[in-house]
Structure formats: C-alpha cells, structure tokens
Amino acid sequence: MTLPPTGELDGPRPPSTRRGTHDMLAGVAEARDNGFSSRRTLRTGVEFVRQLRRRRTHLVALVLLALPLIIALAFQVSSPESSSGANNRDFTGQLLVTLATTGATNFALFTEFASASFLLVVIVALFCGDTVASEASWSSLRYLLAIPVPRGRLLRQKLIVALSLSLGANVLLPAWALVVGGLFFGWAPAQSPLGGSFTTGEGLTRLLIVVGYVSLQSLLVAGLAFLFGVLTDAPLGAVGGATLVVVLSNILDSITALGAYRRFLPTHFQYAWLDALGPAVQWDNMMRGAGVVLTYSAAFFALAWWRFQRKDIVS
Amino acid sequence: MRAPFQGRRRLVAVAGTAVLALVAALVAVVASSTDAPVRTQSQMVAGTAENGQPVTLDTSVYLPRTVPAPAILLAHGFGGSKDDLADAARSLARRGYVVLAYSARGFGRSGGLVHLDAPEYEVADASKLISYLATLPQVLRDAPGDPRVGVAGPSYGGALGLLTAGHDRRIDAVAADITWNDLSEALFPNAAGDQPGVFKKQWAGVLFAAAPGEQPGACGRFAPDLCAAYQRAAATGEADAEILALLRAASPAGVLDRITAPTLLTQGERDSLFSLGQADANARGIAAHGTPVKEIWRSGGHDRTTSAADLVPYVDDWFGPVLQGRGRLDTSFEVAVPGSGISADTGQTVARSLRADDGATSRRTNQVAVAGPPQTIYAPAGGSPAAVTTVPGLGALLTDAAALSGAAARPGSAASPGSAAPSGPAALTGLAGLAMIPGQVAAFASAPLPTGMLVGGSSTITLQVTARDTTDATLFASLVVVDPDGGVDLPNGLVAPIRLTGLRPGVPKSVTVTLPGVVAQIPAGHRLVVAVGTTDSAYHLPTSPRGYTIALDGASVRGDLAVATIDGRLAGSGLPWSWLVVGAAAMALLLPGALVAEVRRRRRRRAVADGLETVPVVIEGLVKEYGDGYRAVDGVSFRVESGQVVGLLGPNGAGKTTALRVLMGLIRPTAGTVRLFGELVEPGAPVLSKVGTLVEGPGLLPHLSGRDNLRLFWAATGRPPRDARLDAALEIAGLGPSIERRVGTYSQGMRQRLAIAQAMLGLPELLVLDEPTNGLDPPQIAEMREVLRRYATTGRTVVISSHLLAEVEQTCTHVVVMHKGLLVAAGPVEEIVGAGGTQLAVANPEEAQRILAAAGMTSHVMPAQRSLEEVFLKMIGADQ
C-alpha cells in the first residue's frame, strides 16, 4: 500500500484513529470489473434472513404455536357435555367442534376450520402485502433497486420468500395442531363430520388435501396483498386492503340473490375443502375454487408486475 | 393547466370506476334475469259439466317472448290453486313455453266439486284445457286441435298428468312430481302383503281438510260419494270395497300401459305420504311398454315444504328434447343422497346426486346379517302413547325432532326398560325418544358395518310374528342407523306399517317385510337396525291392548337383511376441468409474459455510447414531468468527469433530488438521458452497481443491527464478500460498539453515518450523496469532507447534492447549480466563484485608484466576490 503525498491534501487533519481508513481508501486500486451480476442479487437466502429476523415473523410464529395450545386447553377445561355434541347435522363448523376432541386429526381439522377464514388470511396478507410495502416505508426499497436488483427480480425474490413463509404458516398450524391434538386427546382415527371414521393414513391424506387446498386458496390473498403492497407504500394499507377485499367478497357471497354469479367471487369456494371430509373426496368444488383462485391471483400478480415495472419509486 | 385527473389519482379513479361498473353490471344482470317480460292473461274456461251445472275453470296463460311455442299444462297440488304455480309458470315461460296454469275443479275460483282426479271430471277437464290450448294462436300445433303440450304438476297435479296422458293421446310429455301410483296403497299401506294395510289417518285428515268448504256441510267441496267413503274409513280405519274402488279409479296404476308420452317421475325422499315405491311402480308400468321414462329421487317431498318452482329445472330438462327439440332425452336414474356433501356456500350438509344408467337395472341388494333374540312388545290400550315419526302437514319439524331425541339417547343414559333386548353382541340399548317408545320396539341389529354402504330403496327382511291373543297384528317396521356412540338416526323419518290378519294366537307366522324406501349413506362403523314397533301416531291404531313376539325368520337369533342399494356414481355431473384449466392457463400466461418483458429489457440495455466509457456521468436534456404537469427537472445537461468532487447546488425544489433519482434508475425521465460510464441508466441497469448512493436519507432495516444492515445489504448485491471492504465502511461509520445495536434505536446522525458507510460499501467508482452532512456534528462533517476528497483522489468520483453552500465550497472541485428545474451554472468552483475576471485585493482602495489613474489606467471599485454563497444568491436572486 502506497501512501499518497500528504502535502497534496489540505484542510483539517482527520483524527488519527481514522487516518488509516483514509489512507486505505486512497490506496485501493480502481475497480474495473466489480463482479456484479443481476442474477446473484437478493438471493433467496438473503431475503429469507431479512424477513425471518423481523419481529412480525416471530410474532406470527408465536401466534401459530400458541393457538392450538389455547384451543386444546379451552376444550380441556370446558365440560364434556358441552363439547360432545348433539347429532345436529345442520352446520359443519358445529360438527367439527363436536368432533374436535376425538383425536389428533380431528383437532387439527377443527383448528384449520377455525383459523382458515380470518387468521390465516391476515397472516398471508401480512407476509405478502408487507414485504414490498415495508421496504418502501423504510426507504430501503430504493437502495435495493440501486444495487441494482432488477425490478422483476426483486418482486420475484420477494414473492418466493413471502409465499414460502405463507405456505410455512399454512403447514405449521395444522401440523402443530396435529401434535398438540395428539398429546391432549390421543391419536384416535379421524371421524368424518358426515359420519364414519377414517383410518389413520386416510385421515392424514384428507388433512393433507385440506391443507393443500387452503394453501392454494391463500394464493388469492397473497396476490391481492402483493398487488396492494406494490401500489402503496404503507404496509398497513396493503395488509388491511387485502383483508378488506376478502371480507367484502365474503359479504357479497352471503347475498344469495346474486345466485350463480357468486361463483365468480374470489372467496366463494373458500370452504370447498369441507368436501374432502366426506366418505369420498368430492373434487368438483375444489377444482372450481382452484380455478377461480388461480385466475384471480394470476391477474393480481400480473398487475403487480406491470405496475412495479413502470412505477416511479419516490418513497 | 392541469387535467382533472392525473397520474395516481387517475389510476384510482379508473380502478374505482371499473369496480363500480362491474357491480352495476352484476346487479343489472341479476335484476333483468328476474324481470324478463312474461305476459299473462287470466280466463275462465268451461270444464266438464257436473249435475247439469256448467263448471268453469280459472286459468292463467303465461306467454314467452317468442311465439308460437310448445305449451305446458301446469296443475297444482291438493289444496292449492293456480296462484301457487305463478313462479314456476313464469320461470317456464321464460324458458320458451306457453304455460297454462289452472285451478282444478273444487279449488280456488274454479267451480265444481273435488272428485280426486276422477277420469270423468278432473281428467276430462284437462282434455278440455288441451283443446283450449289448441285454439290459442301462440301455441305450436302438431295437428289441428292437437297442440304440442306437456303436462306437469306436483302430487295431485302429477297424478292428473299421468291419468290424462293415459286418456288423451294429444299429450306429448309428462312430468309428475311426488305423486302416487295406487292411492289405495298409499293411504292403506301394508309392508307385508297385498292386503289393504293400516289407514294413514293423519295424512288423510290433512288432505280432507285441505279442500276448504265454501259450501256448508261436513264435506266442503268434496264430491258426496268421496266424502262418505272417507268418513267411513276414518271412523273404522278399514278400507271397504267402495273406497278402494274410488281410490283405484283415481290412480295412474290402471292407465300406465296406455301412456306413450315420455314421462318424468320425480319423487321426494322425505315423503311419508307417497313413498319412493309409488314412483318405482309408475316407472315400471310405463317402461314396460317401451315409453321412455326417467325417475328422479329428489330431496324433500310432502314432509318438507317444497315449492313448485323448484321443479322447473327438472321439467325443462325433460320437456326440452321432447317439446322444443333441443338436446337429447336423458333417461338416467338420479338419486339425491342426503348428507353426502357439504355445501361450500353455507357449510351445511347437502345432498349430492347419484346417477345410475337405468332406474330398473341399477338396483342391487346387499345381504347384511342382523341378530337378536325373539322379543315381546306391547301395544298400549287406546293406542297411546304412540311413536311420533311424522307430523303430516308440518314439514320439517318431525325429522329433526326424531333425530334430536334419538341423539339424546346414549348408552347407559336411557336404556330402555322392560322388553328391550338383553345384552348380546348386537343388543340395541339406546333406542329412545319420540320415535322409539320403550317396550313397544323390538330391534335386530347388525354388527358395525366394515365398509360404508349406500341404502337406496326398500330393504326386505323376513320376520316371524306371533300375536299373543289376537288374530290380527298392526306393526311398524323401520330401518334405523346407529352410530358407534349409540346415536340413533331414522333415515328420512319413515316407517312401514304392517297389517296381518288371519293369525292364530300363539302361532308364529313368517312374513317378508318391505322396509320403508329410504336413501342414506351409512358410514363404516355404523350399525343397521331393523326396528319393529307397535305404534305410530300417523296411523290408525287398534284400541285393544296387544302383545306380539317378534323374532327373526325361523326364530333364529340371526337373520338376513336384504339391503337395497343402487349401482351408480356420485357427482355424476363430471369434474369441472374447464375451471381448473382456465386457472392454470392464467398462471401459465404469466411465464411467457415475464420472459417477453425480460428479453425486451435486455435488448434495450446494450447500447454503450462510444468514448463515454470513462466519463462517470453524462446527463443530456433531462426532463422529468410529474403526473400533475409539474416539471421538476426541465432540460438539464451536464457532465461529471472522473476524479471530480461535484457539488449539486440549488434551493429546495430545484430538482436536485429528482435528477439523482433518475440517475439511480428509480424514476423514468420524461425526456433526455442519463449515462453512467457510457451506459444508459434505466431501472436495473447493471452499471448502477458501480454507484454507491445515499439519496433522501438512510434506508435501513430497523430490526437489524448496524453491522447486519451492512452485511445483508452487501449480501443482497450478490458480489464477493471480500470486495465489500466492510472494515473500511465500519470505520467511516465510526459507530463504535453501537454498531451491534438495532438500528431502530439509533439517532439521526448515527443512521446518516451508517447510510454513508452503506453507500461506500465496495468502494464504488461513483459515489452519490444527497445532503450527506444532515445530522452530523462539526467534527464529523470535517471528517466526512476529508473522506470524500481522499476518495476522489483515487480516480473515483463523488457527487454531492446540498444546499449548504459552505460545505460544497470547501469540499467540491466542481459545482452544478440548479434552480427551478433549470441548470443555472456548471463548472469548477473557482470559475463559478471567480466569474467575471481576476481580482486584486488592496488594503486602501482610494489610494490604489489614485495611483492607477495616475498611471493611465481606469479603475472602479466593486465588492469582492468572496464566497460561493454570494454567487449562488445572485444566480437565483432574480427569482427569489
């Protein structure tokens, strides 16, 4: 390392502790090829670390881990009369409640039923809506883009990680509920809310179908939240907006006067996974639901990409 | 001038409008679909005269949009009138039929008396109405006086349709819903033989009461012979020859061989009045002569409230091919299996449709072994208390009551005392509730079923009945499902009455009992139980006390139950692959879209301007106009050469930050170009990797420590870690041990220093810093100045934007001055500051002037331009 002639530098002398740095700066050779390749920017592992170390991720994990325990304890302290229920076949939620303490699989199914409509929606909206919007709100988005992470790649990497975390939440909850249910209520074979029981393997297969379908359904929330996250710089707006649209769609869905048109509402088939709990799995509604959700989320993702490619980043 | 909607607001407005338009369209479609124009006209039409008096029938014609069209004669159920048919008629008219709805004689405003679908009266009326239809110009005719017409109706109207089709050849199609085959069998059913059975007194009473009496007297509008026969039967519970003859005359059973019109038979599974067997008998009779027939077992029935409008899709599907010539006649057998699915709409259990190719050949039986010792049961004197399984006329009340009371019975909680089966492998201990009165019921249970089973139709079992001291027996058999917890369910709420006569007291008699026709999916692990009781409140019961011993065939403890089932497929509608394909295609379209975008991006990028490879920044004609028409930068051009420290000067709003944002590829210029090292800047341009930036404040992750922020930022660049010069950056940040604390806890100055360090990671060839001294204290500012100057001496380039003039003057070699989006001046600091020539400073200006004047030189005194500040203020002064 060659020291430059200090006589060329005027102005106040830097503090002695810093001088080494200054000298080093001066001594570094001019870089030619800096080894940059856009394909290596913001690798999935890096984005995972960025997201996994966030408080909200920890909080979500905590909620997901605590929920089955709370539900199990609630069942434990409630009187057996109130939980072992009547043979009332009118509402499936009721049916799943009455069966919840039968064993591990039924407990997991009930937990899934209880959380699919709102908790998992919010969590998925959080993971997917907040990922770009929070970068914008921290102003770190512009520095990522100036690295430069190409915009399409930034969205792709963010989406891969957000969807992985969402899927993780969707899998963690029933898996953990299965364990908790087993510890609290034993490992009895699952019972169908339509009557009859499954073998352990069949029960787990059904649970797997349910988890798969619920995960697929959450793609809709993911797409919506992601789009909102790209459109707005406020993380709360993205998460809240996506949740709001889901709630709105549910309200419209409850208006039976809309008749067959309700089938095109994004959330109309959100409970189609109940079809997997009968004596034989009924696929038709789940197929419709999957088609609707895939179409909507493809549109949302395409819009998000289109918008982000053209957006002026002013946050 | 501003357009009313620009930029983001326009986007919001467009999106909002689109959503509103979508909702409006949806509402419009829904509204219009319920409001299509259907013209109606009411007319009194002459019917068959009765007792020499003319009888007129109250009719309504519903006309479709296009005429002439085929016609439908729509008949109502017992006790109703044409008004009940309005919804169904309207709906059918919208599907392209001329619909003639009418009140049958004895009902509504029609005249005459009720003759219970008698051929001479009601059937003749229908023929007259068909002739009337042939006179209407809107009705399509097959021949003069022969309209193309179908007859449809529920219950009373259904039987009328069948009877009319048997009597009148002009009828082209029939749709009969929840109706009877033989009324004498329906009202006096016997599950153990052909003899008239037990009088269905509650239903008969309800029906009798349904013909309201405008006329005084006990018979209301019933024809006197019918009324008298009914009253005898109701009093005695016995069917005499006269009433049997009347009922048989009113039954389609006798005319089935004459029906040639394709016939649809829908029968309700919740129907204690007309069983599924009645539809089976009709279907057999009609099909025997080669007439196309389709049988549907649907949800609901007389025990549930059903509206005629529910039948429209069935009727339309059947009549479409025959009357309108569209589609093909589908004669498959359809069965609604209750509780076989869960509605995604409501979360409630729903019936799914089981489809079999043929109603007759798809029937199967499964042999299930049932066990139980002979059991003695008692009928109470006076027939009370009696089991309650149905409450005719009250719809859904009954089955839920039965199900609930059954569920309340758990093993041990309500073990039936007395006569219940002693403990055994298949003993039934839990039967209780309204439907099962202890001491009145004998039960024969199967072992838990190893696999699930569909019960569809009437199962049969052979029993041995011993009356203790009477010669006749009245019993009620039913098929009960018991779940593993002992919960009891009576499928469809049905029982089959048995009436045996000619018994000898104490002598057993073997009878084959046809259990009620039910449809139920029995899950594995549940047990089937044949229950035989002595009472049912819906039937006429003997008043003397009785005792019977019921045993399985041959007094054995084991017997065979032949469980009826159907060979068909559930969800016969097929899997909706198209939905999935559309979804998958939409997703798949994203891929080529992304590829095209990527290719276009790469193609654009390649141009590198010749001779500019070594020039860090070249800005030419840069214009940035925002959506609202505001020009933040308006035609700015300047160059920054290697090794320079350039100060970008300007008051707030001059466009400095906008220019730097374009330089970073964050926003797209409206016009002009920015080139870095010869490469055009656009979002994601790789040349940006040679630039380190701090624009408009730090952008750090608050939840990470300072060190992790730097490390992760560098990791995000994907470049080798050793190139980061992390140590140098940490030295520049100078945060000491605070570098390990969360950035969220930092002061503004600490964040600023960390952000500068982040910008300098990897020692980029061009360093762009926007207001770098914000939040720094004077020693830090001095140090930063030193860092930047040193940085430039290595051949790298630094661009600083600032409004702190002293700062720029002390740090920079060159300066670019902007104001209101325009470039005001650019050049070396000395040039800008010294613009206007060299200066000579003298201590005594007056003396100097005098000397110069003496030497022949003209001179004048002007203020010295000592600082950039003065120059700057002068440059922008005119506009301030």
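**View 1. Helices α7 and α11 of chain A where they cross.** In this predicted model, the axes (lines fitted to C-alpha atoms over the stretch in contact) of helix α7 (residues 119-137) and helix α11 (residues 235-253) of chain A come within 7 Å and cross at roughly 150 degrees. Because angles over 145 degrees count as roughly antiparallel, α7(A) is roughly antiparallel to α11(A). Helices here are DSSP runs of H or I with at least four residues, numbered from the N terminus.

**View 2. Residues in the contact of α7(A) with α11(A).** Contact means heavy atoms within 4.5 Å. From α7(A) come residues including A:V121, A:A125, A:G129 and A:D130; from α11(A), A:P235, A:A238 and A:V246 are among them. By class, the contact has 10 nonpolar, four polar and one charged residues, with Asp, Glu, Lys and Arg counted as charged, Ala, Val, Leu, Ile, Met, Phe, Trp, Tyr, Cys and Pro as nonpolar, and the others, Gly among them, as polar.

**View 3. A:R206 in helix α10 of chain A.** A:R206 has a relative accessible area of 4%, so it is buried (under 20%, with a 1.4 Å probe and protein chains only). Beyond its neighbours within four places in sequence, A:R206 is in contact with residues including A:F198, A:L277, A:G278 and A:P279.

View 4. Residues 207-231 are 100% helix, with end C-alpha atoms 36 Å apart. Residues 286-306 are also 100% helix, and their end C-alpha atoms are 30 Å apart.

**Notes.** Residues are numbered from 1 along each chain, and chains are lettered from A in the order in which they are written. Local features need pLDDT of at least 70, side-chain atom pairs count only at pLDDT 80 or more, and side-chain values use heavy atoms, without hydrogens and water.

Terms used. Helices (H or I, at least four residues) and strands (E, at least two) are DSSP runs, numbered from the N terminus. Buried means under 20% relative accessible area, exposed over 50%, partly exposed in between (1.4 Å probe, protein chains only). Axes are lines fitted to C-alpha atoms, for helices over the stretch in contact, and angles run from 0 to 180 degrees between N-to-C directions. Angles under 35 degrees count as roughly parallel, over 145 as roughly antiparallel, 65 to 115 as roughly perpendicular and the rest as oblique.
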